[in-house]
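This report goes through one structure, from a single side chain to the helix contacts, the core and the backbone. Please keep the sequence and the model at hand while reading.

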Amino acid sequence: MGKHVQMQEDHVDIEVQGSITRARGEKTIYPTTGEEEESSAPPTAVPYMELPLSKKRRSWMVPLFVAANVVVFFVTMVVNDCPKHSGTPSKCIPRFLGRLSFQPLKENPLFGPSSSTLEKMGGLEWSKVVQQHQGWRLIACIWLHAGVVHILANMLGLVFIGLRLEQEFGFLKISILYLLSGFGGSLLSALFIQNSISVGASGALFGLLGAMLSELLTNWTIYASKCAALGTLIFIIVINLAVGVLPHVDNFAHIGGFMSGFLLGFVFLVRPQFGWVNRKKCPQGYELDSAVKSKHNAYQYALWLMALILLIVGQGHKLNAS
């Protein structure tokens, strides 16, 4: 009598005072009244539903960025106009696509435009960035792709990697991480590749992979199967980096993007401690038996500070070197 507990899937509505104990394996609420405090009989345990750490968000970045990359590739093919500019229209494939047809496979085996078109559209070229001060190419190149095969591989990677991160951490954080990782990959590529044009979103995608790794490390305590998750992620990263040894693949952009994303993940993807979240979401009138008072662990603050310093120093050094 006078005690009403209503449990729903997403929230807990409790109209009595009590206490919450949060020992491992025991997630219960013990309602208490003045009469029960005087009595030696143990209170009746009422099940307690723990709220999730975070609510999954709707994905905006991934569909927008995929659409933007497809549009840019379409515009690139229109500008390319193989039958008009190649000198040998009969070698453009397939011919029925007209100005959208691809360069001969001997010139571009990825079914895409010519290198001169990619340069015109903003492809990364060391001489133009350094000698002609066209720094905008460091960002423009991550929206360009060398062919259909190239853009399909990158957009599939963006969907599989980006969706999960955006749903967990939101549009703004993952968009900034994606763009800054792509910029970091472009910087390292410009330092080491000075005789060819580099294009593609691979650096930004490797940045998302790096951010997944740092997110796992900085939020280590909330994961159940830590070693399995870490082993799987490292295996995926190693396989993707190994692809970079193939001819015409810019592995410097991959490495630069990965390192940028890895450091940025410590800055942007830090989760609060579980006990702190429960304390904040504890119903009014209840006490949470938890010693957690700080939002983050001390090691999370340390990793955040070190990553921020390394990012500033590293990006500044690469800018000065280029």
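## Phe 160

With a relative accessible area of 65%, Phe 160 is exposed (buried means under 20% relative accessible area, exposed over 50%, and partly exposed in between, with a 1.4 Å probe and protein chains only). Phe 160 belongs to helix H7; helices (H or I, at least four residues) and strands (E, at least two) are DSSP runs numbered from the N terminus. Between Phe 160 and Val 62 there are 98 residues in sequence, and their C-alpha atoms are 9.6 Å apart in space.

## Basis of the model

The model is predicted: local features need pLDDT of at least 70 and side-chain atom pairs count only at pLDDT 80 or more, while totals for chains, interfaces and linings use all residues. Residues are numbered from 1 along each chain as its sequence is written, and side-chain values use heavy atoms, with hydrogens and water left out.

## The chain as a whole

The secondary structure comes to 13 helices and six strands. Of the 322 residues in the chain, 43% are buried. Contact means heavy atoms within 4.5 Å. Among contacts in the chain with a separation of 6 or more, 68% are between residues 24 or more positions apart.

## The largest nonpolar core

A nonpolar core is a set of buried Ala, Val, Leu, Ile, Met, Phe, Trp, Tyr and Cys residues joined through side-chain atoms within 4.5 Å. The largest one has 43 residues, and Leu 158, Leu 165, Tyr 178 and Leu 208 touch the most other members. At least two residues of this core come from each of helix H2 (61-80), helix H7 (148-169), helix H8 (171-192), helix H9 (202-218), helix H10 (226-243), helix H11 (251-268) and helix H13 (298-321). H9 gives the most, with eight residues.

Leu 165 has contacts with Gly 170, Ile 174, Leu 208, Met 212 and Leu 269, leaving aside its neighbours within four places in sequence.

## Two helix contacts

Two packed helices are described by the angle between their axes and the distance between the axes. Axes are lines fitted to C-alpha atoms, for helices over the stretch in contact, and angles run from 0 to 180 degrees between N-to-C directions. A crossing is left-handed if the near helix is turned anticlockwise from the far one by less than a right angle, and right-handed if clockwise. For H7 and H9, the axes come within 10 Å and cross at roughly 35 degrees, and the crossing is left-handed. On the H7 side the contact includes Leu 158, Gly 162 and Leu 165, and on the H9 side it includes Leu 208, Met 212 and Glu 215. The residues of this contact divide into eight nonpolar, five polar and two charged (Ala, Val, Leu, Ile, Met, Phe, Trp, Tyr, Cys and Pro count as nonpolar, Asp, Glu, Lys and Arg as charged, and the others, Gly among them, as polar).

The axes of H8 and H11 come within 7 Å and cross at roughly 145 degrees. This crossing is right-handed. Residues of H8 including Lys 173, Gly 184, Gly 185 and Phe 192 meet residues of H11 including Gly 256, Gly 257, Gly 261 and Phe 268. The contact of H8 with H11 has ten nonpolar, nine polar and one charged residues.

## Cysteines

One disulfide is counted, a disulfide being a pair of cysteine sulfur atoms within 2.5 Å. Cys 82 and Cys 92 form the bond, with S to S 1.9 Å. Its torsion about the S-S bond is about -80 degrees, so the disulfide is left-handed. Cys 82 lies in helix H3 (residues 82-85) and Cys 92 in the loop between H3 and helix H4 (115-121), so the bond ties together parts that are ten residues apart in sequence. Cys 82 and Cys 92 are both buried.

Elsewhere, Cys 141 is buried at 3% relative accessibility, whereas Cys 227 is exposed at 62%.

## Backbone details

Most residues other than glycine have a negative phi, and most peptide bonds are trans. The peptide bond from Ile 93 to Pro 94 is cis, with omega near -25 degrees, and Pro 94 is in the loop between H3 and H4. Asp 81 has a positive phi, near 45 degrees; Asp 81 is in the loop between H2 and H3 and is buried, with a relative accessible area of 10%.

His 133 also has a positive phi, about 55 degrees. His 133 sits in the loop between H5 and H6 and is exposed at 66% relative accessibility. Gln 134 is in the loop between helix H5 (126-130) and helix H6 (137-140), and at 17% relative accessibility Gln 134 is buried. Not counting residues up to four places away in sequence, Gln 134 touches Lys 128 and Val 129.
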